[in-house]
Amino acid sequence: MIALSEANPSEYRGNATMSTSIYTPDEPIVRRSERAEPSFLETIVGRRGGLRSILSEVEAVAPTNASVLISGETGTGKEVIARAIHEFSPRRSRNLVKVNCSAMPAGLLESELFGHERGAFTGAISSHMGRFALADRGTLFLDEIGNMPLELQPKLLRVLQEREFEAVGSTRTTRVDVRVIAASNRDLRQMVRDGEFREDLYYRLNIFPLSLPPLRERKADIPEFVRYFVEQFATSMDKIIDSIPEETMRAIIRHSWPGNIRELQSYVARGVILSTDGVFEPAPPEESEPAPIEIPNPTLEDKIRQEILAACLRANWKVGGPKGAAARLGLKRSTLYFKMKRLGITLPRSDSQD
C-alpha cells in the first residue's frame, strides 16, 4: 500500500531479505505474495475513512484536463493525491514531472520550468530543457505554488492559458500540452488579498480545488497508517514485529500529530528501531503544544483565533522570521499582527519583540 506521505521507508533500509509478519487482533496482515495486484487507488492508505470523499473527487477529475489545486497542511499527502490524479488520467503513460517552487530562487526556477539557451546567463554553458517541455502530453506537479515569486507568475499564467512559452534567452516559442496540478500549504486566497499572489493565476489554478484534512481530523485512519508503516519499516530494517499493543495504539490515536502523516511516519520508524521481542512499543508521542480548547459551535472568528494561537505556541510566540508564527500561517508579519490585534490576541510581555 502507499501511504499519504512524501517520505520513503527505503531511507531506513538495511540489507533486508526476510518477510515480515505483523499481527493485530482486529486486522491480521496479509503477505504481499498472497495479494492480487491492486489498482493505484486501492494502494492508498486511509481511503476507507476521512479520505473517501476526496478520492471520489480524484476519480471524477482525473480523466479531464482541468487544473487542480490541492491544499492542506504540510505532511498530509498532497503529492500522493497528485500522483493518483495522474495515474487515473489518459496521460498516465506519459511523464509526471514534479517541481518544488520553494526550493530555488526566482531566476533558477524560471530556468527549471521553461529551460534556457546556451549563454542566456552567466554559467549557462549549454542549453537546458525545462520541466514544461519534459511534461509535454503529461502532467506537471507544482508543489508549494504559494512560494512562487510574483515576477514569475505572469509567465506561468501565460503557459496555462496559451500553452506556449519561450525558454530563457530564446525568441523561439514552444507549444506544449501539459496538465498542471498545483499544491500549497498556504492560504492562497489570503495571499491574493495581501497582494502576494496573482488573482488571475489563482483562479486559473483553482478550477478544481481539493482540500486534504489534517491527520487530527482522521483519527479513524491512524491504526491503518501505523500498521502499514510498521510493516514497511520492519521489512526494510530486517526485523520481525508480531504485535502492536492496544495501549500503544490508543496513545498514538490520542496524539494531535501537528506534523500530520509525515510526523507519524517518523515516529513509527523510531519505534521500529527501538522495538525488541517482536512487540512495537515506542515511547508515547510527546505533545508539542497544549490541545486546543473545544468550543461548541465555533464561529469562523473562533477558528481563526485558535489557528493563530496554535501557530504562536508552536513558534514559542515568535511572530517573524522563517520559523515564526507568520511564516507557519503563510502570512506577512504585519498581516498577522493586524489579525491578532483585531482578535484580542496579545504577545507575552517578554516575547513581544522579534
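Visitor: In which loop is Gly 72 found?
Guide: This is a predicted model, in which local features need pLDDT of at least 70 and side-chain atom pairs count only at pLDDT 80 or more, while totals for chains, interfaces and linings use all residues. Residues are numbered from 1 along each chain as its sequence is written, and side-chain values use heavy atoms, with hydrogens and water left out. Helices (H or I, at least four residues) and strands (E, at least two) are DSSP runs numbered from the N terminus. On that numbering, Gly 72 is found in the loop between strand E1 (68-71) and helix H2 (78-87).

Visitor: Is Gly 72 buried or exposed?
Guide: Buried means under 20% relative accessible area, exposed means over 50%, and partly exposed lies in between, with a 1.4 Å probe and protein chains only. The relative accessible area of Gly 72 is 14%, so this residue counts as buried.

Visitor: Which residues is Gly 72 in contact with, leaving aside its neighbours within four places in sequence?
Guide: Contact here means heavy atoms within 4.5 Å. A separate C-alpha to C-alpha value places Gly 72 and Ser 211 5.7 Å apart in space, although they are 139 residues apart in sequence. With the neighbours within four places set aside, the contacts of Gly 72 are Lys 78, Ser 184, Asn 185 and Leu 212.

Visitor: At roughly what angle do the axes of H8 and H9 cross?
Guide: Two packed helices are described by the angle between their axes and the distance between the axes. The axes are lines fitted to C-alpha atoms, for helices over the stretch in contact, and angles run from 0 to 180 degrees between N-to-C directions. For helix H8 (residues 222-236) and helix H9 (residues 246-254), the axes come within 10 Å and the crossing angle is roughly 120°.

Visitor: How are H8 and H9 oriented to each other?
Guide: Angles under 35 degrees count as roughly parallel, over 145 as roughly antiparallel, 65 to 115 as roughly perpendicular, and the rest as oblique. The axes of H8 and H9 cross at roughly 120°, and the two helices are therefore oblique.

Visitor: Which residues of H8 and H10 make their contact?
Guide: H8 and H10 pack with their axes 9 Å apart and at an angle of about 50°, which means that H8 is oblique to H10. By class, the residues of this contact are 11 nonpolar, one polar and no charged, where Ala, Val, Leu, Ile, Met, Phe, Trp, Tyr, Cys and Pro count as nonpolar, Asp, Glu, Lys and Arg as charged, and the others, Gly among them, as polar. H8 contributes Phe 225, Val 226, Phe 229, Val 230, Phe 233 and Ala 234, and H10 contributes Ile 261, Leu 264, Gln 265, Val 268, Ala 269 and Val 272.

Visitor: What is the relative accessible area of Trp 257?
Guide: Trp 257 lies in the loop between H9 and helix H10 (260-274), and has a positive phi of about 50° although it is not a glycine. Trp 257 is also buried, its relative accessible area being 1%.

Visitor: What is the relative accessible area of Asn 260?
Guide: Asn 260 lies in helix H10, and its phi is near 60°, a positive value in a residue other than glycine. Asn 260 is buried, with a relative accessible area of 0%.

Visitor: What percentage of the residues in the protein are buried?
Guide: The protein has 13 helices and seven strands. Of its 354 residues, the buried ones make up 45%.
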